[in-house]
Amino acid sequence: MAVDFTFPAEVEDIRLRVRAFVEGTIAPAEARQRSERTGDERVDRRALVGLIGELRRRAREEGLWLPHMPPEWGGMGLGPTAMAAVSAEAARSPIGPYVLNCQAPDEGNQHTLLHWGTEEQRERYLRPLCEGTTRSCFAMTEPEVAGSDPTLLQTRAVLDGDEWVINGHKWFISGARRAGFAILVARTEDQPEVPQAATSAFLVDLPAAGWEIVRDVETLAGSHNHCEIRITDLRVPATSLLGGRGQGHLLGQARLGPARLAHCMRWIAQCETALDLMVGRSLERYAHGSLLADKQGVQWLIADSALELYQAKLMVLHAAYRLEHDLPWKTEVSMAKHFVANTLWRVVDRAIQVHGALGYSTDTPLADMLKQARWSRLADGADEVHQ
């Protein structure tokens, strides 16, 4: 049997168009904004939102909007394998996925609503997401129990007439601040047949009485809209149930599999960026009688990074292929998630080493990339869970 690893011509065309758009439009716009910063974080954020809005308009004009969603929802209709190519190009810029409207957590929520939502729910919640007029969050993780075991969730939803009353505590809810709605997972069943059938998912319009954002959890990489939420007597209509009662775990796992792979696709772009910077530095830095590129120790750092990046790409493509062709994919996605997350950390760390003190400074993007890379070994399942 022949095995062909090349992308179809139409996918390769889209990949190159995304690369050209990132390099020719997004990157120069980012550079201009950096040069205009005033040091006021609030001003910077407003400017960034405005920049993304303008770049989104141009992405639509270029036919690069919403690559992962079907045409009837305004998207390009690309499957997981094609998205592996597109996401790896878009994420060469930190804002690239946002510009194309394929950013986390909205990308995963869009897929979830497409496959689990009623017609009314899709029109009310999915349509604005696809049009780029709202943002969303996925509220599952809780501080009191292990986030990698959703059967332990303590947030409780009780049916009261034609409303659900929800009480609980969530944290690390990415995108919660300024989200237009949440997909909230809560315990609804007292004696399920299996532990995995104890929870249900709900659509919650935000802001809402009973939904309190306690704080933006400060992380190693700073504050990035990963919020702690207190839920007190939050009332939602019975029609807000997403999927069937007791299907919260099933819905969550169906969502997180492709979402993990989508993270891997974006991490590959970061690996490539770090490797490019490492090679560039080695070719221009002279020390102790030769360029760094001529020193075997540096060559090994580059070679190890190229080898691992090659492995990461093959793993992601294989997992995406299995996902796209309805083959068993959970093991392959777990292996890819574990390996790519760890590869990201190692490649960025090596790039910093080759840059020396410059890499440790904020004069290059590498220091921030390393801080961001550390969460990849925890998000969507810690290394040990996947192992």
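A residue is called buried when its relative accessible area is under 20%, and exposed when that value is over 50%. The structure discussed here is a predicted model.

Strand β5, which spans residues 199-205, has six of its seven residues buried, so this strand is largely enclosed by the rest of the structure. Its pairing involves strand β4 (residues 181-187), which runs antiparallel to β5 and is joined to it by seven bridges, and also strand β8 (residues 241-242), which pairs with β5 in the antiparallel sense over two bridges.

Turning to the helices, Ala 274 lies in helix α7, which covers residues 248-284, and it counts as buried because its relative accessibility is 0%. Leaving aside residues up to four places away in sequence, Ala 274 touches Val 347, Val 348, Ala 351, Leu 366 and Met 369. By contrast, the C-alpha atoms of Ala 274 and Asn 167, which are 107 residues apart along the chain, are separated by 44 Å.

At the surface, Val 3 is found in the segment before α1 (9-35), and it counts as exposed because its relative accessibility is 60%. Together with Phe 5, Tyr 310 and Leu 314, Val 3 makes a nonpolar surface patch of about 460 Å².

Key:
Residues numbered from 1 in each chain as written. Predicted model: local features only at pLDDT ≥ 70, side-chain atom pairs only at ≥ 80, totals over all residues. Heavy atoms only, no water. Patch = residues over 30% accessible without salt bridge, like charges linked within 9 Å, V, L, I, M, F, W, Y side chains within 5 Å. Areas by Shrake-Rupley, 256 points an atom, 1.4 Å probe, with all protein chains shown as cover. Salt bridge = Lys/Arg side-chain N within 4 Å of Asp/Glu carboxyl O. Helix = DSSP H or I, 4+ residues; strand = E, 2+ residues; numbered from the N terminus. Buried < 20%, exposed > 50% of the residue type's maximum accessible area, 1.4 Å probe, protein only. Pairing = 2+ DSSP bridges. Contact = heavy atoms within 4.5 Å.
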